[in-house]
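Please look through the structure shown here and follow one part of the chain after another.

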Amino acid sequence: MIFHQIISRFVLSILLVWSSSSVGATHSIRCDQRCGSGSNGPRVPYPFGFSEGCGIRLNCTETTGDIRIGEYLIQNVTSDTLMVNFPVNCSRPVEDLQQFWGANYGMTWRNELLLENCKLLRNECTAIPSELLSIRLNIQSCDSKKENVSCYSEANADYLDYRKLRNTGCGIVVSSILIGMDNDTKNSSAMFLEFQTLGLAWGLEGDCACHNDANCTNIFLPGTRNGFRCRCKDGFTGDGFRDGDGCRKERSKAKHLDSRVLLAVIVPVALSVLVLCSYGAYYKLSNSRKAHPWNDGQLAQIPRLTYREIFGATDGFSEDNMVTNLDLSSRQLAGVIPPSIGNLSFLTGINLKNNSFHGEIPQAIGLLLQLQYLNLSSNSFSGKIPTNLTYCKELRVLDLYNNHVVGKIVDQLSSLSKLYILRLKGNSLTGGIPQWVGNFSSLKFLDISDNELQGPIPHDLGRLTNLLVFFVNSNELSGTIPSSIFNISSIYYFSVSQNLLHGQIPEDVGLTLPNLEVFAGAVNSFTGPIPVSLANATKLNVIDFSQNKLIGDVPTSFGKLKTLVRLNFEANRLGGRGSYEGLKFLDFLINCTNLMVLSFATNNFRGELPYSITNLSTVLEIFSLGNNRMHGTLPAGVGNLISLTLLGMDGNYLNGSVPEAIDFRSTKGFYRLHPNRVRIRQPSVRTWRCFSFGIVLLELFIGKRPTDEIFNESLNIHKYVSTALPEHVMEIVDPLLLSAEEEQNINQDQARRVEECLLSVLEIGLTCSASLPRDRVPIDIVLSKLQAIKESFLSRR
């Protein structure tokens with residue numbers, strides 16, 4: 001009878017799926033797309049709306065016309081994303097994020113969350129210095145230190161998982177960063193950041209239900225459910241959905257011009273209009289996407305501003321409010337910057353990042369004597385750095401990252417003594433690093449990496465006593481690092497990787513640079529030992545000096561670095577003492593519980609692998625000791641490293657077998673073990689099938705899934721059942737398996753037989769889902785046992 005009910009459950013599930021999909025395809029309830037009463041309120045496109053019949057229901061404040069999701073203001077809606085305003089809040093609980101997951105929308109991988117009150121600090125996000133985040137988001141107002149702010153993301157998933165977020169142990173979500181792309185792929189070459197913004201991907205569940213004149217895009221919704229979006233074909237306008245407004249032909253019969261041609265005309269004209277207007281609007285464009293961003297068809301993303309809004313933003317068109325800030329970032333604009341921009345004499349800020357502007361940067365920018373902020377990053381500007389920038393003596397930020405700028409770092413920039421951010425990364429600059437950069441006493445952020453700079457690092461840079469970030473990596477710099485730079489105690493990001501540098505790392509570097517978080521000098525020719533003093537820089541997250549000529553032993557004091565995430569010294573000349581002593585540092589690294597990358601491959605280590613490696617960090621993903629001179633066997637407990645994606649032991653003299661604890665089929669790991677004499681014993685297909693079947697069996701009989709909120713890293717479905725057996729078997733069984741009629745009519749003997757049957761089935765489920773393959777049984781034996789249980793139970797009814 002129990003088995004009959006399981007079969008019935010399958011049938012019922014199929015019927016429920018069919019009926020729900022049928023209901024989802026029919027919308028008999030009207031969707032109210034107008035916010036507020038009357039015809040003047042803002043209207044949103046289907047499937048958005050404010051009533052029960054809408055695919056994605058939003059909230060409307062009738063008095064102001066504000067449109068919200070939950071309690072948060074919607075900034076904009078694109079063809080695939082809801083952009084939500086998510087301002088800094090120092091006391092907002094993580095649970096507040098749950099409202100951003102719904103049936104037809106969810107937070108995507110492009111969101112990076114800034115968290116506080118975490119049990120363990122996390123750093124999983126875009127490489128943005130903590131100081132810049134603190135400045136950009138004003139986190140100082142939370143009375144928080146930058147080292148207490150964690151960053152959470154899930155770059156390997158389409159959507160963030162709310163349950164995983166809860167399991168981080170973090171209590172407060174301060175704000176967010178949205179990663180924007182030139183397309184929706186994780187390999188996009190053009191990336192930009194939206195601060196204090198959340199991005200929710202949206203769609204409707206089910207099969208395509210688009211208008212005949214619309215294209216349908218199949219997508220995945222949260223929970224890997226199938227969904228779709230609609231978009232009208234060229235020449236048509238509307239929302240594209242069959243249950244919405246559908247599509248209709250555009251009224252204009254004029255041919256469509258290429259968008260880049262239009263933008264090339266519109267931008268210069270717009271700037272000229274601003275010049276002609278002697279009374280402008282102080283209206284920051286980055287905040288203009290906030291009230292009523294929707295319109296039909298292709299104008300859906302262009303904000304409309306009413307006369308009242310413009311009047312209010314300009315203080316009644318007062319002449320005292322000239323245009324002071326031009327923010328056109330991430331608007332998909334193209335063309336060149338016209339020389340007439342130099343006539344906007346009141347400008348203090350220009351932000352054109354993440355567009356497709358090209359041509360030379362106009363010398364006319366030098367006419368903007370009040371300019372404090374110039375960000376032209378992630379465009380296609382070419383030519384040389386304009387020498388007239390020398391007149392912009394109020395400039396605090398100069399950011400030309402990721403363009404095609406050539407030539408030298410011009411001496412005319414030496415007059416910009418108030419700079420605190422200088423970022424020229426990712427161009428084709430040549431020549432050397434000018435000595436006068438050392439005169440910028442306010443400079444906090446220096447990034448001239450990924451260019452073609454040559455020559456030595458000037459000793460004068462040691463005068464930058466307020467410097468926080470020092471990035472000169474990926475150039476052709478030569479010589480030694482001046483000792484004066486190692487005395488800038490404020491530095492916490494230090495990278496000189498991929499140059500032609502040599503010399504020794506100072507013995508006291510951990511004392512003179514106590515705030516280090518990243519210390520990188522890979523792919524150079526550094527010599528000498530690893531400084532023991534590095535352990536005094538207790539905030540270190542990354543140490544990477546791979547591909548150098550370092551010698552000696554690895555300091556055991558590295559075990560003090562509790563926040564260490566990456567430790568890479570591969571391709572050096574370390575070790576070589578011919579005994580276990582050379583590998584002793586591994587015993588102390590078990591204290592580095594956040595370690596994710598550990599590599600000492602291609603060195604001179606000898607001896608046997610210490611058993612202590614089995615107790616390394618459980619979040620360790622890459623562990624490589626390949627191409628050394630080690631012998632012996634792999635310790636049996638290596639399987640404890642449950643997060644490994646790469647175990648590199650190739651090129652040694654190991655022998656024996658891979659421990660059975662390493663299950664090659666139940667991990668995403670990649671193992672490099674050749675040319676050792678290690679035999680790999682993989683579990684048979686039959687035992688693997690048994691594992692999957694065992695999990696399904698437990699699901700069926702207890703009515704819980706492995707992904708339910710009750711389960712976490714310390715409690716899985718296998719442990720949950722094994723803890724309850726045998727005394728509490730009836731407490732964990734799905735109550736739906738026993739109907740009310742059966743409970744009333746069965747006697748004590750029958751109840752005992754039901755309990756015995758359930759216990760036998762669950763024990764088989766536990767055997768199949770054992771963690772070690774050797775403890776599982778072949779699937780054919782499992783089926784035979786289940787058949788025997790069924791026949792025994794039915795024969796005694």
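Ala 571 is found in the loop between strand S38 (566–568) and strand S39 (573–574), where strands are DSSP runs of E with at least two residues, helices are runs of H or I with at least four, and both are numbered from the N terminus. With a relative accessible area of 26%, Ala 571 is partly exposed, a class lying between buried (under 20%) and exposed (over 50%), for a 1.4 Å probe and protein chains only. Beyond its neighbours within four places in sequence, Ala 571 is in contact with residues including Gln 547 and Thr 602, contact meaning heavy atoms within 4.5 Å.

This is a predicted model, in which local features need pLDDT of at least 70 and side-chain atom pairs count only at pLDDT 80 or more, while totals for chains, interfaces and linings use all residues. Residues are numbered from 1 along each chain as its sequence is written, and side-chain values use heavy atoms, leaving out hydrogens and water.

In the largest nonpolar core, which has 98 residues, Phe 470 and Phe 623 touch the most other members; such a core is a set of buried Ala, Val, Leu, Ile, Met, Phe, Trp, Tyr and Cys residues joined through side-chain atoms within 4.5 Å.

The structure holds five disulfides, each a pair of cysteine sulfur atoms within 2.5 Å. One of them joins Cys 35 to Cys 60, and Cys 35 counts as buried at 3% relative accessibility, whereas Cys 60 counts as partly exposed at 27%. Another joins Cys 210 to Cys 230, with 1.9 Å from S to S, and this link is left-handed, with -85° about the S-S bond.
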